[in-house]
Amino acid sequence: MYGLYSPFIGRIQFCNLVGVALLACSWLFMTKKHRLFSFLSGAMLLISSVYLGGRAAQLGILFAAFIFTLGFCFYYIFPYCTKQFNNTKIASLITTSLVILLLASPFLAYQNLEPIQKRYGQMFWELQVFQDNTFKNYKYEHFTCIRRLVSWQNSWEIVKASPILGVGTGDYYAAMQQVYDADKFKIPVNSHSQYLQIWVSAGVLGLAFFIFVILHWLVAIYRSENKMLFVFAAAYMGFYLVVFALDAVLLRQVDNMSFPFFMSGIAAVAVHLSL
C-alpha cells in the first residue's frame, strides 16, 4: 500500500534491515572505505526507507543520524578546527547547522514527500478518531496506530498485576490473549513494544538486565578507544532502542538473528582493533 515491498519477509523486518544497512554504509563512508559505493548504496537505501513506510525504522534512522552527526563533529570537526584555526567557533557553527538540519528534516520530508505525507497523515488521522472515540465507525482492527495503543494499554494491565517477575516467557501470549479477550477492542493480540514485552514476560528484573547488557556492551566498545567504531555502535544501538519502543522486533526471526549478529560483529571488530 505504501510503496516498495519484499515478498520474502515482512515489511517491518525489511525496514529494520534497510535501516541497519544504511548505518553500515554511513560508517564505511565516514571511515573512508569504498566511499562512492557506500554513498550510492546509502542513497538508495534512504530512498527505499522513505517508500517502505516503516515509521519505527524511519525514526530510528533519524535518531541514529543524530548520533552520527554529534560523533563526527565531536571527534573530527572540533579537533580539526582547534588544530588548524585554534578556534572552536567554526566547529560550533557547523555542529549547530547540522543539528538544525536534522531536526528540520522530518518537517521538510512531510511537506514535500508524498509517501511520508500518506503514512504519517494516516497516523495523525487514526490518533484523532481514537481520541474522538469515533474509530468504531471504521474497521479499526487494521489501524496500526490504534493497535499499538491497545497493545500498550493491555501490556500495562499485565505489568501492574505482575511487575517484578512477569508472567514468564512461555505464558506471554496466553496472558496477553486473556487481557485482549476481556478488552472492548476486538483485535488480534499484538506486541508493539520490546520493552513492554520483556517487562510482561520477565518482569522489571528482566527488563533491567536487558538494559544492563546493552549499556555494558556500549561501555566495552567505548573502551576499545576506536572513536568511529564507538560512534557506529552507539548509532546502531540508538536505532534499535527507538525501534524497540514501537515494535517487539525480537519476537520475529529476522531481527532476532540480525540484532545479536551485529552486536557480536561490532564487538569482534573492537577486540581485533585493540590487539
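Which helix gives the most to the lining of the largest pocket? In this predicted model, the answer is α3, with nine residues. The pocket itself holds about 1,200 Å³ of space. Its lining comprises 34 residues, and those closest to the centre are Leu46, Ile61, Leu62, Ala65 and Leu102. Besides α3 (55-85), at least two lining residues each come from α1 (11-30), α2 (35-52), α4 (89-112) and α5 (114-132). Sorted by class, the lining has 27 nonpolar and seven polar residues, with no charged residues.

Two or more lining residues are given by each of α1, α3, α5 and α6 (144-161). The class breakdown of this second lining is 15 nonpolar, nine polar and eight charged residues.

Is Ser191 buried or exposed? Ser191 counts as buried because its relative accessible area is 11%, under the 20% cut-off. Its side chain makes a polar contact with the side chain of Tyr172, at 2.6 Å. Leaving aside residues up to four places away in sequence, Ser191 touches Tyr172 along with Ser151, Tyr173, Asp247, Ala248 and Leu251.

How values were computed
Residues are numbered from 1 along each chain as its sequence is written. This is a predicted model: local features need pLDDT of at least 70, side-chain atom pairs count only at pLDDT 80 or more; totals for chains, interfaces and linings use all residues. Side-chain values use heavy atoms; hydrogens and water are left out. On a 1 Å grid over the protein atoms alone, a cavity is a set of points where a 1.4 Å probe fits but cannot get out, and a pocket is an open set with protein on both sides within 12 Å along at least five of seven lines; lining residues have an atom within 4 Å of a point. Grid points are joined across faces, edges and corners, and a volume is the space filled by probe spheres set on the points. Helices (H or I, at least four residues) and strands (E, at least two) are DSSP runs, numbered from the N terminus. Ala, Val, Leu, Ile, Met, Phe, Trp, Tyr, Cys and Pro count as nonpolar, Asp, Glu, Lys and Arg as charged, and the others, Gly among them, as polar. Buried means under 20% relative accessible area, exposed over 50%, partly exposed in between (1.4 Å probe, protein chains only). A polar contact is a pair of N or O atoms within 3.5 Å; within protein, one must be able to donate a hydrogen and the other to accept it, and residues adjacent in sequence count only if both atoms are side-chain atoms. Contact means heavy atoms within 4.5 Å.
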